[in-house]
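This briefing is intended to be read alongside the sequence and the three-dimensional model. Please keep both at hand while working through the points below.

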Amino acid sequence: MPELPEVENTRRGLSPHVRGRRVTALRVYEPRLRWPVARNLPRKVAGQRIVRIGRRGKYLLLELESGTLLLHLGMSGNLRAVPASAARLAHDHFDLLLDSGLALRFNDPRRFGCLLYTDTDPRRHPLLAHLGPEPLSAAFDADYLFRITRGRRVAVKHVLMNSHLVVGVGNIYASEALFRGRIRPQRRAGSLSHADCARLVRGVRAVLRQAIRAGGTTLRDYRGADGLPGEFRQRLYVYERAGKPCRRCGTPVRALTQGQRSTYYCPSCQK
Ligand SMILES: [Zn+2]
């Protein structure tokens, strides 16, 4: 599933291709995405200039002169810039054609992605209004994590993965951040000290920044804006490394299941 680093890389990769460009047409080949693409959307966006491409959580925000397109890559989607004449592949669901001759082409085999439009502040859109802070923003700091974990009996990993509390920390990055923070994923959130929270915040930021730099994690379906997979997988400390020696201390990495997701940790490095 594309996670925050993949979405951020898509944003950065597409930004120079879209900023200031005019949309000449939106061609929808398959409107049945997670939510159907509105029938009148091509008419709304044609002729509009794209001001910038932003991101909130895992949503890409294409800010137009009037209104904003909200785009989610879903479980298996990717958005790439291609020559408008390039042959379409299976599961290419729409083209946003630009006056440069390029098209932003959305491919999504599982169709859990979406393309929505809002003419008001996108941050107040029902899908975005209740999201927690961005993990790379100043709002996500040790004080914040300490405050929101007080009295919480759930495992700390669930707090990291709760998008109402902090956005964009998926399963891979939660495991890796907890390793860096030296905290076991099954620890009760409320048991974290302020120092634990500070280390964990640093871990979250470090792992996301590194993943963004590496171009995202290589996953089956993900392709970045340039069509290439990311290189982050080779740099994982614990994720999908059960039984292999911890890269820091050599102890075999353990796996456990939490909330139907696999979690990996080093029993020696993480307390
Ligand atoms: Zn270790």
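The zinc ion is coordinated by the SG atoms of C246, C249, C266 and C269, at 2.3 to 2.4 Å. Donors here are N, O and S atoms within 2.8 Å of the metal (3.2 Å for Na, K and Ca), and water is not among the atoms, so sites may look incomplete. The model is predicted: local features need pLDDT of at least 70 and side-chain atom pairs count only at pLDDT 80 or more, whereas totals for chains, interfaces and linings use all residues. Residues are numbered from 1 along each chain as its sequence is written, and side-chain values use heavy atoms, with hydrogens and water left out.

**Zinc site**

- The 4 donor atoms subtend angles of 101 to 114° around the zinc ion, so the arrangement is tetrahedral (four donors with all angles between 85 and 135 degrees).
- For comparison, the ideal angle for four tetrahedral donors is 109.5 degrees.
- Along the chain, the donors follow the spacing C-x2-C-x16-C-x2-C.
- C246 is buried at 5% relative accessibility, whereas C249 is partly exposed at 36%; buried means under 20% relative accessible area, exposed over 50%, and partly exposed in between (1.4 Å probe, protein chains only).

- Strand β7 (residues 102-107) has 5 of its 6 residues buried, so it is largely enclosed by the rest of the structure; strands (E, at least two residues) and helices (H or I, at least four) are DSSP runs, numbered from the N terminus.
- Strand β5 (residues 78-83) runs antiparallel to β7 and is joined to it by 6 bridges, with N78 opposite N107; strands pair if DSSP finds at least two bridges between them.
- Strand β6 (residues 92-98) is also antiparallel to β7, over 5 bridges, and L96 has L104 as its bridge partner.
- The hairpin of β6 and β7 has 3 residues between the strands, and G101 takes a positive phi near 95° there.

**Helix α3**

- In helix α3 (residues 142-149), the buried residues are A142, Y144, L145, I148 and T149.
- These residues cover an arc of only 165° around the axis, so they lie on the same side of α3; the arc is that of the directions from the helix axis to the C-beta atoms.
- The buried residues of α3 pack against α4 (156-160) and α6 (194-213).

**Residue L4**

- L4 belongs to helix α1 (residues 4-18) and is buried, with a relative accessible area of 0%.
- Beyond residues up to four places away in sequence, L4 touches R55, G57, K58, E134, P135, V167, G168 and I212, a contact being heavy atoms within 4.5 Å.

Methods:
Tetrahedral: all angles 85-135°; square planar, octahedral: opposite > 155°, others 65-115°.
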